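Subject: Structure handover

Hello,

Here is the structure I promised to pass on. Please open it first, then read the notes below.

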Amino acid sequence: MKISPSKIISLLFFIFSGFYLYTAHQIQVFTFDENAAFNAKTFPIYLGYAGLIFSALYVLLPETRPSNVDLTVLDYKKTITLVILMILYGLTILRVGYFLSTSIFLVLSYIVLGERKWLWIFLLSFPFVAIFMYLLHGLLNIYLRDPFLQYIGVMG
Amino acid sequence: MIEGILIGLETAFSLKNLMMVMIGCFAGTIIGMLPGLGPMTAIALMIPITYGFEPSTGLILMAGVYYGAVFGGSTSSILINAPGIPGTVATSFDGYPMAQQGKAGKALAIAAYSSFAGGTIAAIFLLIAAPSLSKVSLAFRSPDYFGLMILGLTAVSAFSAKGHFLKAMMMVVLGLMLASVGQDTLSDIPRFTFQNMNLSDGISFVLVVMATFAMSEALTIIFKANDPTRVAKQISLSQLGSIKLNKVETKKMVTTIPRSSVLGFIIGVLPGAGSTIASFLAYGMERNFVDDEEKQKFGKGSVNGLAAPETANNAACSGSFVPLLTLGIPGSGTTAVMLGALLGFGIQPGPRLYQTNPEIFWSVIMSMYIGMVILLILNLPLIPYIARVLATPRTFLIPLILFFSVTGIYLMSFNNFDIYMMIGIAVVATILRLYDFPMPPLILAFVLGGLMEENLRRSLLISDGSWNFLWDRPLTIAILVLIIVIVAWQMIKTLKKQGK
């Protein structure tokens with residue numbers, strides 16, 4: 001038996017709803033609130049049941065409009081690389097600083113997506129981020145932590 | 001009302017706010033023009049910037065972005081047959097054939113004049129309808145609000161899901177589940193935080209919008225190996241022909257615009273219907289109104305066929321502000337994003353907004369009109385230049401969208417955890433989008449989650465834990481009947497398809 005990806009997603013949502021419902025029941029409410037008409041866990045419990053019902057209906061009922069996706073044409077390599085780059089960007093943004101991490105993220109992303117116009121790659125990374133930072137930091141007074149720029153003495 | 005209008009005019013016509021409308025229209029046009037990126041993405045990208053502004057200024061900027069994005073969507077529909085937003089799909093039916101006949105300038109002018117006229121008529125309706133509806137909505141109680149929210153979520157799921165009603169309902173539940181993370185508003189009891197301090201304040205609205213729209217749309221373009229700029233590279237974007245209309249064309253528009261405006265506004269007011277349905281209905285209606293000779297031209301470059309959906313989608317945009325401003329309940333994904341932004345400013349839209357924050361209420365309405373004027377006098381002549389954005393390579397476009405998304409959330413929290421959570425939600429949203437799980441119901445549910453729980457809490461406490469509150473008042477019953485009708489209609493549609 002072949003099960004469609006939409007049904008697999010619905011099945012996962014069913015499991016997730018079950019977990020959500022279990023966690024909702026574990027919410028600690030105040031003793032005087034336990035038998036109240038409404039407490040902190042009432043709404044989440046309803047949501048848990050709603051999730052179970054809708055996902056179960058989707059899994060059990062026949063699909064009227066199945067989503068046809070050709071998995072062979074999807075670009076996994078570039079998408080996964082971009083996601084990894086974003087994670088690394090998130091990892092370095094506080095430690096290295098906004099300027100360097102953002103510029104390097106942009107350069108690497110352009111290259112990963114196949115761009116080879118080096119002048120544009122440069123202009124739309126380091127100078128672009130510098131101007132953007134000036135707008136935020138200099139004009140809008142939004143403080144951006146940047147250990148790298150502090151280290152080289154550009155930022156106070 | 002006159003006093004309110006004057007306050008609105010004063011606020012909207014301040015130099016700063018005029019600048020914001022111009023910037024908003026311009027930025028919105030550029031983002032809306034890019035296929036795959038709609039008004040929700042455009043507004044989402046603006047939210048972090050607006051948090052530094054006064055509420056009225058921030059809202060004026062977002063309203064400008066909204067209209068600009070709708071206008072930009074029409075431009076890409078006409079020039080490259082790639083609608084930037086679903087609301088402009090019907091525009092491409094006759095706009096693109098006109099462009100192929102060498103009348104791209106004319107098609108863009110018809111779209112701009114129709115949008116302007118539709119928006120103007122709808123703004124007048126809004127001006128009249130909103131204060132009256134505000135007074136009526138004061139009669140609404142918690143059970144009615146709870147019912148209205150369920151109605152809005154059901155309607156959005158029914159209309160926006162394109163036959164995937166159950167998938168949309170799952171997204172509604174997921175949105176509500178995400179909204180339930182964090183401390184309970186009344187008792188401060190932590191829920192679903194798993195002892196993680198980063199989750200105690202809940203998940204940020206901007207984070208969810210950025211992840212499910214801006215970031216996930218960018219990832220989807222890469223994942224599906226789409227190049228939205230491919231067609232744009234094959235045509236000349238600088239030579240679009242004359243934008244002048246002759247008498248016959250003007251006459252055709254004069255008859256089309258009023259009826260499409262009325263239809264668009266009414267559809268826009270209905271929860272969930274929005275500009276897409278308005279534009280398709282207006283196109284269909286116009287086809288029935290015109291003579292046989294004009295009917296033959298539909299789909300081949302008809303002036304009426306282009307003017308009708310363009311008028312209706314702009315009128316619907318104004319109409320969608322009615323439930324937001326009067327009831328505090330958004331009727332569409334885009335107005336849900338705006339509601340989230342309003343809540344971020346500490347403003348609770350609803351019937352009392354008209355009295356408590358008249359400057360916001362009226363300045364938003366006024367700025368809509370100013371936005372229309374700016375789109376007409378500024379964007380139309382500049383279209384040959386702005387249209388070059390369509391040829392921006394995706395190799396530059398996608399990283400810049402990702403950069404703006406990450407920066408947006410970083411500026412709000414200065415926290416790595418939020419960045420990781422945004423990436424995680426974006427990846428899940430990309431997979432869900434691939435299999436037609438719609439995102440607007442999720443956003444609407446996420447925004448309404450807190451309000452819904454609050455109204456259910458009040459209703460249940462008043463009725464001592466009984467669900468009788470659902471049929472205690474005629475108004476609640478009427479709302480309940482509407483919900484049942486929508487669900488039954490969806491079930492009948494599904495059963496009919498299974499029968500085939």
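Domain bounds here come from an automatic or database domain assignment. On that basis, chain A holds domain 1 (5–65) and domain 2 (76–151). The C-alpha centres of these two domains of chain A lie 40 Å apart.

Two notes on the basis. This is a predicted model: local features need pLDDT of at least 70, side-chain atom pairs count only at pLDDT 80 or more, and totals for chains, interfaces and linings use all residues. Residues are numbered from 1 along each chain as its sequence is written, while chains are lettered from A and ligands numbered from 1 in the order in which they are written.

Chain A

Chain A has 7 helices and 0 strands. (Helices are DSSP runs of H or I, at least four residues; strands are runs of E, at least two; both are numbered from the N terminus.) The radius of gyration of chain A, taken over C-alpha atoms, is 25 Å. A compact globule of 156 residues would be near 15 Å, by the rule of 2.2 Å times the number of residues to the power 0.38. The C-alpha trace of chain A spans about 60 × 55 × 25 Å along its principal axes.

Of the 156 residues in chain A, 27% are buried. (Buried means 20 or more other C-beta atoms within 10 Å of the residue's own, exposed 12 or fewer, partly exposed in between; C-beta atoms are placed from the backbone.)

The core

The largest nonpolar core has 198 residues. (Such a core is a set of buried Ala, Val, Leu, Ile, Met, Phe, Trp, Tyr and Cys residues joined through C-beta atoms within 7 Å.) Helix α6 (residues 104–137) of chain B gives the most to this core, with 16 residues. Domain 1 (5–65) and domain 2 (76–151) of chain A both give residues to this core, so it lies between them.

Ile43(B), Met210(B) and Met422(B) have the most contacts inside the core. (Contact means C-beta atoms, placed from the backbone, within 7 Å.) Leaving aside neighbours within four places in sequence, Ile43(B) touches residues including Met62(B), Thr334(B) and Val337(B).

Helix α16 of chain B

Thr334(B) and Val337(B) are among the buried residues of α16(B). In this helix, 10 of 12 residues are buried. What covers them includes α3 (39–50), α4 (55–80) and α9 (205–223) of chain B. Just after α16(B), Gly346(B) takes a positive phi of about 85°.

Best wishes

Methods: Contact = placed C-beta atoms within 7 Å.
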